[in-house]
Each structure stands twice: as structure tokens, then as C-alpha cells.
2 protein chains.
Amino acid sequence: MESLLKRVQGIFEREVFLSEPKGLYEPIEYTLRLGGKRIRPVMLLAANQMFGGSMEQAEAAAVGIEVFHNFTLLHDDLMDQSPLRRGKPTVYRKWNGNTAILSGDTMFALAWRYMLKVEHPRLREILNCFNETAIEVCEGQQYDMDFERESETTIAEYMMMIRLKTAVLLAGALKIGALYAGAPDEDVDHLYEYGIHLGLAFQLQDDLLDAYGDVAVFGKQTGQDIRDNKKTYLILKALEVAPMQEREELKRWFATTDCNDDEKVASVLKIYAGLNIKEKVEEAIETEFESARRHLDAIRVEEARKRPLRELTEALLGRKK
Amino acid sequence: MESLLKRVQGIFEREVFLSEPKGLYEPIEYTLRLGGKRIRPVMLLAANQMFGGSMEQAEAAAVGIEVFHNFTLLHDDLMDQSPLRRGKPTVYRKWNGNTAILSGDTMFALAWRYMLKVEHPRLREILNCFNETAIEVCEGQQYDMDFERESETTIAEYMMMIRLKTAVLLAGALKIGALYAGAPDEDVDHLYEYGIHLGLAFQLQDDLLDAYGDVAVFGKQTGQDIRDNKKTYLILKALEVAPMQEREELKRWFATTDCNDDEKVASVLKIYAGLNIKEKVEEAIETEFESARRHLDAIRVEEARKRPLRELTEALLGRKK
């Protein structure tokens, strides 16, 4: 896995993103040089390798997926008014809103340029997968914004939202890597479902770590989601299982912005503890993780070829624990 | 031509754009139902027909081009803070900025869904043409915003900007229509250049009509560009040819926002008259129009097949005269 990451990082270091007009391409260059874990391109190449693909063929698509992902972050940061991304000012803060819009649009088209770079017998299928994934990611972001404004969101709705917003892009990256390698349809489907459940597990773990993560490892202040009244699996689960009194108390905290933040985090965490929320979320993660594993098991390639993806899975879910 | 327009309008009436989540798709439905002249899809189908294409094959691409065009309008309206589009509130006004961003992004992906609908031996070439055009349109919008903030813009820079912002999409639509019909490369190139020069002529005429158009026909107040201090071919040409005194006077008006608008328009038009700006712009339009005609002449299909495009050209440029 390490070697795949190095390979992806190497591509991004060599690739030239700067062009004219500067006002359009400098924010793109800035965004793509911020780094990040490059999980999606690594997954795409790992899937390609698993089915004996030539990797060089799939490289352009790996870059395309990462450029697309960064385009969504760029627009999301503007919509969510997030000041920082990977510890650096977001594009709309460093430049302005219009720049974030137009440079983002251009990144979407640049992603397509990479997707179109290599001819392939199944190219139309690959491009359809990429595009339908893109549409789903947009739908996920809309549901996310809708849910933030709604008073009642169910766990089922929340899972549907994070499936669209996060999981389908992981799954799509894996599928595209497999298609480039000419994998059989049935295996492609298992790999896709593996990606979906992995993505769900990953997002639930993100929710969990916000409340219970090791600050030193996680790199963020604990309880930020609670401070921000953000809808997560934790609060939705708590509202679902809590008796009347705790439920009302949670709702009160959740509707408050002008309060002592530390008191708020402590109070909410105390209610969570009484309801065993941490354990319930860990169970949900384990369920998704198990589903992911079963789909990986079902793929008909020799076990040795699955090792890199298994490693990656454990690393992704274990790293932060 | 009328029959092609009816065909395109029919497709847009039948097509269903609404889906879930409503907050994402209602603004898309709204935008695509606002109507408009549907010039680009009509051009695409006309080009297809000229080379004996089956039209049904090219229909999805025609829809794709129009959806893409409307996506750029949606984001441009937000960036330019335009309150109205075709006499109705723009999406960011009727909903909000975030909706305009995300529904726009989704429209770009929906345009791709149409572009990917039909298999074709030259599909990758068609998709590359579509995507490179999309990138150029973004670059054109960036130059447009850059030039509005710069003090000195040359005529050459302005022509480069409107080429990217307006002309390439007309040219790209024509090229895609021709590629679907299996037209020879040389003819495709001539058709593309025809589209470029037609687009340039069309934009210059738009500039001209803002100052000299018949309000009843044009449907807009005359002199709006002068009121808005907007950079157009007219003011750039005037600054280029004016003697020192008129040049300074123009620059003064151009830097003013708090003045009597009617006095400003009258004064600027008086300077234009002294410099024969109207005639100079008409000459420039005629030059582009002639280039367009020559490229259409050079295409090796029988004259009768060119008639619809010739008609459309005259209609586009004659209608508003």
C-alpha cells in the first residue's frame, strides 16, 4: 500500500496544474498541492492491481478521481463557510467566493480531462460510473445541507446521506480501477459494495472520533460536532434511544449556540455515556466493517492479491482508534 | 430551421429534470424550463443534418450542450450578481447562493449524462471536444471578470475573451453535430471556424445593439453597458482611436458611478458619434461574418444542405438589425 501511495504522490508532484489565466489556475494548483491522504486514487490503483491491471492505464483515472474529490471539497468549503482545509486557508477565504466557484467548475472539467485520457474498450461504462457517482455526491451534499436545517432526521436518512456524500466515491474509485483491469461484472459489484460499506464505516468512525478520539492522533479538538450542533450518527442514535427527559435535554443543548461550550460538551457526553452511545456506534461500525469484509471475501481472486486492500482497510479503520 | 427549433423545444418539454432531493433538482427544472433561443442545440442538429446524420443519435448531445450552457448561466448569474434571467429571478435570488452552486454543479454532471447516452465510434473525440470547450468557457469567464477589474484591456484581449466565453461553445456544438454524422476532419474544422467567427460576430452585435438597438426589438434599455461601465468592443475601440481629449473624457465617464445616467449615456454616445464607432463596429461584425461565410463555403457538401445554417446565420445577425 505504501508503494501505491508513493506512486500517487509522485504523479501529483510531477503533474502541472498551472495555466492561463492565472486567476483561475492558481487556486487549482494550490488546492491540489495541499496534499491529503489520496485515499481514492490509491484505492483505484489497488483495485486495478488486484485484478492484474497494468496500472499505467488506470493512472490518469486515479488523478481524475482525486481532482474531482478536491473540486467537491472546494465548493463544499464555500457552501459550509469553512475557513480551513488541511490547516491552510480555504480557496474562498484566500481568494474569494467567485474564484472558488469558477476554479471549482474548472477542476470538475479537469477531472474529466484525466478520465478521457486513456482509450479503453469499457471506457463508456467507466465514464458513466464516474458521472453517476458525481451526481450522487452532489445529491449527498444537498441532503446534508437539508438535514442540517430539518428538526427530525432518522438514522436511515443519515445513512443514506453519508452513503451518497462519502461512500459512493470510494466505491466508484474501486469500480473504475477494476473496470480498467477487465474484472468480471460480479467481482466488480462485490468490490463496489465493499467500498460502500467501508465508506460508511469510515464516516461513522469520523463521527465517533470527533467525540472520543485522541486529540494528539486525531489532530482536532474533541467535541467540535457537539459545539457546532452538527448532526452525526451519535446525536441521532442518542435521540432515538433516549428516554423522554434525556431526549429533551439533548434537544435543548442541540438548539443552543450561546452557552459555555465546555459545559455543553461535558453534559452531552454524560448523556451519551448513560445511553451507551459509544458502544452503539462501535457496533454499527463493526457491522459495516463486517459487510465490507464479506464482499471482499466473495471476490474470486487469490487471497494474496487481496492483501493490499485488506491492509488499507485495517489501516483506515485502525489508524485512528 | 423552424422545424429544428420545434424539435429541440419538444425534447425539452418532454424531458423530466425533476428528481430527489427536491432542493437540488427544482432549481434545475426551473432553469431549463425558462426557455431561451436554444441556439446551440439547434446548431448541433443542423450540423448533423448537413452531413446526413440520423439526428436521433445527436439529440442527446444537443440536450447536453444546452444543459451545459444553462449551467454556465446559472453560475455566471451568481458571480455577476444578476437579479434577472429571461425576465425571471435568477436561481441565487429565488433560492440562495449555495443552491445556485450545487444545482449548477449537478447540471454540469447532468450535461455529461446526456453526452454519454449514445454509443458512437468517435465518442471519445466528441467527449474531448465537449470537455475542452467547457474548460475554455470557464477560462473566458475568468478573463471577463479579470478585464472588468483591469484598467487597460486591448481589443485583441477582448476578442480572445469573447472567443472563449461565447464563440467556442457555438463552434463546439457544430463540431459535435458533425462528428456524430461522421463528417470528414477537414469539413469539421471549417465548420468549427465558421462557428467561431459567427460567435464573435454575434457578440460584437450584442455590444452594438446595447448602444444602438431598437428598444422595442431588443427588449432592453439602450445604453445599459455604458451605465454599468461595462467593457465592450465599443468603448475599447473608442479608447483606441480617440484623440487625447475625448479619451480622457471617456475615461472619466467610465470611472463614474454617481452621475446622471441619461446625461452619461448621451455624452458617451456623442463621443462615439464623433469617432464613427458605430460604423467601425459594423465593419468588425462584417469582417467576422465574412470569415464565417467563407468557412461555410469551403465545406464540401452540396449547397442545398448548407441552406439551413445560412438561414440561421442571417436570422441571428439580421433579426436584431
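Modeller: Before you ask anything: a helix here is a DSSP run of H or I with at least four residues, and helices are numbered from the N terminus. Also, this is a predicted model.

Colleague: Good. Where does Ile271(A) lie, then?

Modeller: Ile271(A) is in helix H14 of chain A, which covers residues 261-274.

Colleague: Is Ile271(A) buried or exposed?

Modeller: Buried. Its relative accessible area is 8%, and anything under 20% counts as buried.

Colleague: And which residues is Ile271(A) in contact with?

Modeller: Once you skip neighbours within four places in sequence, Ile271(A) contacts Glu246(A), Glu249(A) and Leu250(A). Arg227(A), by the way, is 44 residues away from Ile271(A) in sequence and 15 Å away in space, C-alpha to C-alpha.

Colleague: Let's hop over to chain B. How far does H14 of chain B reach?

Modeller: From first C-alpha to last, the 14 residues of H14(B) reach 20 Å, close to the 20 Å expected at 1.5 Å a residue.

Colleague: Which residues of H14(B) are buried?

Modeller: Lys264(B), Val265(B), Ser267(B), Val268(B), Ile271(B) and Tyr272(B). They sit on the same side of H14(B), because they cover an arc of only 165° around the axis.

Colleague: Why would residues three or four places apart point the same way?

Modeller: An α-helix has 3.6 residues a turn, so residues with that spacing end up pointing the same way.

Colleague: What covers the buried residues of H14(B)?

Modeller: The cover includes helices H9, H11, H12, H13 and H15 of chain B. On the face turned away from the buried side you find the exposed residues Asp262(B), Lys270(B), Ala273(B) and Gly274(B).

Colleague: What caps the N-terminal end of H14(B)?

Modeller: Asn260(B) does that, with a side-chain oxygen 3.0 Å from the backbone nitrogen of Asp262(B). Just after H14(B), Asn276(B) has a positive phi of about 55°.

Colleague: New topic: how can chain B be laid on chain A?

Modeller: A turn of 180° with a shift of 0.0 Å along the axis does it, giving an RMSD of 0.0 Å. The two copies are therefore related as by a two-fold rotation axis.

Colleague: How many residues does the contact take from each chain?

Modeller: It takes 37 residues from chain B and 37 residues from chain A. The copies meet through the same surface, because 100% of the interface residues of chain B are also interface residues in chain A.

Colleague: How much area do the chains bury between them?

Modeller: About 3,500 Å², with 64% of it on carbon and sulfur atoms. Leu102(B), Leu116(B) and Arg124(B) supply 18% of the area that chain B buries against chain A, more than any other three residues.

Colleague: What does Tyr25(A) touch?

Modeller: Not counting residues up to four places away, its contacts include Phe17(A), Thr106(A) and Leu110(A) in chain A, plus Ile135(B) and Glu139(B) in chain B. Tyr25(A) is in helix H2 of chain A and counts as buried at 3% relative accessibility.

Colleague: Last one: how many of the residues of H3(A) are buried?

Modeller: 11 of its 12 residues are buried, so H3(A) is largely enclosed by the rest of the structure. Helices H1, H4, H8, H9 and H16 of chain A are among what covers those buried residues. After H3(A) comes Gly52(A), with a positive phi near 75°.

Definitions and conventions: Residues numbered from 1 in each chain as written. Chains lettered and ligands numbered in written order. Predicted model: local features only at pLDDT ≥ 70, side-chain atom pairs only at ≥ 80, totals over all residues. Heavy atoms only, no water. Least-squares fit on C-alpha atoms with pLDDT ≥ 70 in both. Contact = heavy atoms within 4.5 Å. Helix = DSSP H or I, 4+ residues; strand = E, 2+ residues; numbered from the N terminus. Buried < 20%, exposed > 50% of the residue type's maximum accessible area, 1.4 Å probe, protein only. Expected span 1.5 Å × (residues − 1). Arc of directions from axis to C-beta. Polar contact = N/O pair within 3.5 Å; in protein donor to acceptor, adjacent residues only side chain to side chain. Buried area = accessible area lost by both parts, 1.4 Å probe.
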